[in-house]
Amino acid sequence: MNSIYLTPYTIIENKDYHTDSKIIIRASDFENVQFQDGRITFSFINCRFKKLEIENTETIDFNDIHIQFVSCFIEEVNVETFITTNFSVFFASSILQGRIKNENLLNVTINNCFLNDSLFLLDLKRVTVSYTEENIFLKRWKKLLESINTDFGKLLDTKHSFYIYDCISIIFTYNENLSKKIGVYKKKYAHVIEEKIGYFMSVEEKKNFKVSLNLQYSADKEHKSTRIINAKLLALSISGYSTGELLIENTNTDSWYIRNFSTQLGANFYNIKPYRKDAKENKLEIHKSNLDKVWFDNVSFDDYSSISFYRNKFGQTNFTACDFPSQYKGFDKIQTIENIHYPDKKDKNYFKTRYETFLQLKKQLENSGNFYEAQKFQAISNEALKNIENLPYWDKKILQINSLSNNHGLSIKQPFIATLISSIIFYVIYLWSIGKMFNCNEIDWNLFGYYFSFLDITHRIDFLVDKSRLNGFSVAIDYLNKILIGFLIYQFVSAFRKYGKK
């Protein structure tokens, strides 16, 4: 392995390292060196590495030490052995993959980098991953891509996966160009030649850039804060017990997985929705998690094609301004399955679990003051209850009738239309039974007015003809009509008062 020893405040440019290399940071390199505020200690620009290790085995008595890699290709980077606590690593406009694990490193920053496949960032004090569109420098990227015989299109097709485990402070952010400009442009105030030509990605290029982020926490590790802001992700996975705060805001992720997760100080999820809505599948899974102190705010649940809530504890979970399905059938995509990737593999008590899960969601929505969405979940929970095998026969019938008559108290349209149709049918049969219909006589227009008397369930039995002209059949029809119309009126009133219910 090739050992590399560096002199502080030097720049290494345009160099190829054809063999595995190890950068060794020694205390002796800093003897008689005066700290220069504002300058990077070590710099590699437009260099190419195979396997690269960065190592330090002794404490260095020096102010902040930084090493940066700008426009570099690193086939594999490995940073694990590090003693000094004042060292920071910075990667910018580079291509890399590998593993960085050390609790002594002061800071690891990654800006506008592509990954060959994946990058593991483990047990670090501070991690910052950012994509800033104003810092895409065309000349730098063109030179780097030509040096490794690839192009921008192939780079976008590569998998980009970040695995960030047990880091104390995490920042993952995108700063997107909000203007309508795309393509090449000239930067007015750039002083470095390589940075005078910028590039704004098109919408299609942004969608082809597929980044996945996996966050994992351990209960015995320290965590202060995790902030994911304005990110555009293919997938976001969160798991473990976080002892710090978690904030994810204004983030688009095609798939979102929360598994075996809980938090000590709380988690806020604000304005989250899929990025590529035209994708085949947008999945959201919350699995065996303790959602106490978790706040879902402006989360677009309805935009995900498949959702699973499985064996979660809600506690003081808050849902505010979230978008749930507006159509009744849309709730079919909300399931209670162990693995969202295997939707056909359902537990024996699937419908019972679904029923209880929807009741919990209803309760949380009520606690948040959202009675509109809460009533939807009450109705859906009743539908799930209806499918439980060991439910008594007549309970199932009650649920079926309520579903048909007013959609479990949500619809005034269903009982209104049912009242009109059934009353007209009964009225026609009633008129025929007393010889007022289908008798080849002239139309008696007064019969239209008497319809409203027939609709009144308190009408007298002889409201139209004398009792002597009635027969058993006509009396039976009149009586059945009163029962049915009375029930439908009750269902109509019940649905009409749904916002007055507590």
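**Packing, cores and a cavity**

Analyst: Let's start with Thr 419, which counts as buried because its relative accessibility is 12%, under the 20% cut-off. Bear in mind that this is a predicted model.

User: OK, where does Thr 419 sit?

Analyst: Thr 419 belongs to helix H7, residues 413-433.

User: And what does Thr 419 touch?

Analyst: Leaving out residues up to four places away in sequence, Thr 419 touches Leu 455, Ile 485 and Leu 488.

User: Switching to the cores. Which residues have the most contacts inside the largest nonpolar core?

Analyst: Those are Phe 69, Trp 256, Phe 269 and Phe 296, in a core of 96 residues. Strand S21 (residues 245-263) gives the largest share of this core, five residues. Another core lies apart from it, with 13 residues, among them Phe 426, Tyr 430, Tyr 451 and Leu 464.

User: Now helix H1. Which of its residues are buried?

Analyst: In H1, residues 138-147, the buried ones are Arg 140, Trp 141, Leu 144 and Leu 145. They line one face of the helix, because they fall within an arc of 120° when you look down its axis. Lys 142 and Glu 146 are exposed on the other side of H1.

User: What covers the buried residues of H1?

Analyst: The cover includes strands S5 (42-45), S7 (65-70), S8 (73-79), S10 (95-101) and S12 (114-122), along with helix H2 (152-157).

User: And what follows H1?

Analyst: Asn 149, with a positive phi near 55°.

User: Back to S5. Which way do its side chains point?

Analyst: Phe 42 and Phe 44 point one way from S5, while Ser 43 and Ile 45 point the other way; all are buried.

User: Which strands does S5 pair with, and in what sense?

Analyst: S5 pairs with strand S2 (residues 10-13) in the parallel sense, over four bridges. S5 also pairs with S7 in the parallel sense, again over four bridges. Phe 44 shows up in both pairings: it is the bridge partner of Ile 12, and it stands opposite Phe 69 in S7. Phe 69 is one of the residues with the most contacts inside the largest nonpolar core.

User: Last topic, voids. How many cavities of 30 Å³ or more are there?

Analyst: The count comes to one.

User: Which residues lie nearest the centre of the largest cavity?

Analyst: Tyr 131, Ile 136, Tyr 174, Met 201 and Phe 209, out of 17 lining residues. S13 and S15 each supply at least two residues of that lining.

User: How do S13 and S15 pair?

Analyst: S13 (residues 126-132) and S15 (residues 169-175) pair in the parallel sense over seven bridges. Tyr 131 has Tyr 174 in S15 as its bridge partner, and both tyrosines are among the residues nearest the cavity's centre.

User: Which other strand is joined to S15?

Analyst: One is S19 (residues 225-229), which runs parallel to S15 and is joined to it by five bridges. There, Ile 170 stands opposite Thr 226 in S19.

Notes. Residues numbered from 1 in each chain as written. Predicted model: local features only at pLDDT ≥ 70, side-chain atom pairs only at ≥ 80, totals over all residues. Heavy atoms only, no water. Buried < 20%, exposed > 50% of the residue type's maximum accessible area, 1.4 Å probe, protein only. Arc of directions from axis to C-beta. Contact = heavy atoms within 4.5 Å. Pairing = 2+ DSSP bridges. Core = buried A, V, L, I, M, F, W, Y, C linked by side-chain atoms within 4.5 Å. 1 Å grid on protein atoms, 1.4 Å probe; cavity = no way out; pocket = protein on both sides within 12 Å on 5 of 7 lines; lining within 4 Å. Points joined across faces, edges and corners; volume = space filled by probe spheres on them.
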